[in-house]
Amino acid sequence: MAETAFLAGPAIRRLRRREGLTQAAMAARLAISPSYLNLIERNQRPISARLLVQLAETFDFDPRSLRQDEAVGGVDGLRRRLADERFADLGIDRDEIAEWLSAAPQAALAFARLYDAGGGVGEVAASDPMDLARREIERWRNHFADLDAAAEALHDELRLSNADMGAALAERLRQKHQLSVRVLPYDVMPDALRRLDLHARQLQLSELLDQSSRNFQVALQLAMLEQGEHIAAIADGAQFADRAAWRLFRRHLSGYFAAALLMPYGRFMRACEATGYDLTILQRRFNVGFEQLAHRLTTLQRVGQRGLPFFMARIDRAGQFSKRYAGASGTTMLESDVACPLWNVHRAFEQAGRIQVQTVEFAETSGQTSHWFTMARTVEGSAAPGGNPAQFAVVLGLDAQLARQLSQARGLSLDPAQEARTGPGCARCHRGDCQQRSLPPRGAALQFDERSRGLTPFSFGR
């Protein structure tokens, strides 16, 4: 069996300098040649598993220090940060980012910390609690293996007692926590969908919730009761200075466990592969809402059993993001303040409840393009009687090269020549031939054409 090997030059060099050793002295202690150690430190040779064990035994060395890239979210994490419009003129591509992270991981980590704290130029977006929580979720690639394993074990236990998951969840709450589930009229709970009444020993749910939402709320309550300490420990590990960000991250983790309980990893992955990730079948088979399903599809990164790398977003009619998770997709489509009007996620509002599919060529701020297959559908919140429910479009996407594995892509042309040419919102998009443009990109040099009869009587240069 071949040894596992990877590049770790900067980490080995820092270790040697910390120990005050020359390359010859360190090589002698490791029983390797100085020239081989020199090649390792320059990332021209990988470090093998055997040598990694020697380092751990010979020096006070933690192998986890070799995974500094995880602290910034890997190449994709740096790529999302460098998608900022302030770096648009630099044209930094993915290969350069990978080289930087491999050659100087500490420097990359320093940049990521500075950027997340405000970019060093007074930016306030990165200090927003919601943004801080989202960045932490992206650092994990929205996959929390321990929570998945715990939820899967509990799901298997519940199914042994009752095949009806809704009934099994309620019974678990009653037997283990002495809490009953009670559905109450809207006029009794006008301002809440879920309420825990410890005096009455009840989990009270609003009648406005459909069955899939009731199941999710019961699963969410079980997450807080049975995994609360574990979830809090993960949130503590993020070391947020802002308590609001900590609460938002903890809430996300609770929802993650609830979704994993309703859609346990192994069973869900088998269903995805058997159906070609058919969204309609998956939604009905697991009795979940479309938004719950979309969330779950961004989390399928278990080692040895990975699913397709989806991203997910929720967008309102004005094109504003209220949720966005890149997962393991590496996309930068979600880094803008608003969505491109040429993205057919907006068309979903015109055909409520129907899935809109589209292949898009996305203009990166670096000047390169990426290609994506996206599926969008409207979802509605619970509204008061007589009122209009809030409506959003939930969009799922993945690399267009992977789209042929999807049932929703069957029979569709995936020819790149037919892709919609979208960008990161007009203020950050440098496509010069877009007729939908409402304003020029920030920092562009305008060149006015007084004879123009079009809607955008200007051109610009980068």
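Please bear in mind that the model is predicted.

I begin with helices H2 and H3. H2 spans residues 23-30 and H3 spans residues 34-41. Their axes lie 8 Å apart, and the helices pack at an angle of about 105°. Angles of 65 to 115 degrees count as roughly perpendicular, and H2 and H3 are therefore roughly perpendicular to each other. From H2, the residues in contact are Gln23, Ala24, Met26 and Ala27; on the H3 side they are Pro34, Leu37, Asn38 and Glu41. Classified by residue type, this contact comprises 5 nonpolar, 2 polar and 1 charged residues.

At its start, aspartate 128 places a side-chain oxygen within 3.0 Å of the backbone nitrogen of methionine 130. Just after the helix, arginine 141 adopts a positive phi of about 55°.

Finally, the cysteines. How many disulfides does the model contain? The count is 0. Consider cysteine 340, whose closest cysteine sulfur belongs to cysteine 434, at 6.2 Å. A disulfide requires sulfur atoms within 2.5 Å, so the sulfur of cysteine 340 is too far from that of cysteine 434 for a bond. Seen from cysteine 434, the closest cysteine sulfur is in cysteine 340, again at 6.2 Å and too far for a bond. Is cysteine 340 buried or exposed? Its relative accessibility is 9%, so cysteine 340 counts as buried.

Conventions: Residues numbered from 1 in each chain as written. Predicted model: local features only at pLDDT ≥ 70, side-chain atom pairs only at ≥ 80, totals over all residues. Heavy atoms only, no water. Polar contact = N/O pair within 3.5 Å; in protein donor to acceptor, adjacent residues only side chain to side chain. Helix = DSSP H or I, 4+ residues; strand = E, 2+ residues; numbered from the N terminus. Buried < 20%, exposed > 50% of the residue type's maximum accessible area, 1.4 Å probe, protein only. Axes fitted to C-alpha atoms, helices over the stretch in contact; angles between N-to-C directions. Parallel < 35°, antiparallel > 145°, perpendicular 65-115°, else oblique. Contact = heavy atoms within 4.5 Å. Nonpolar A, V, L, I, M, F, W, Y, C, P; charged D, E, K, R; others polar.
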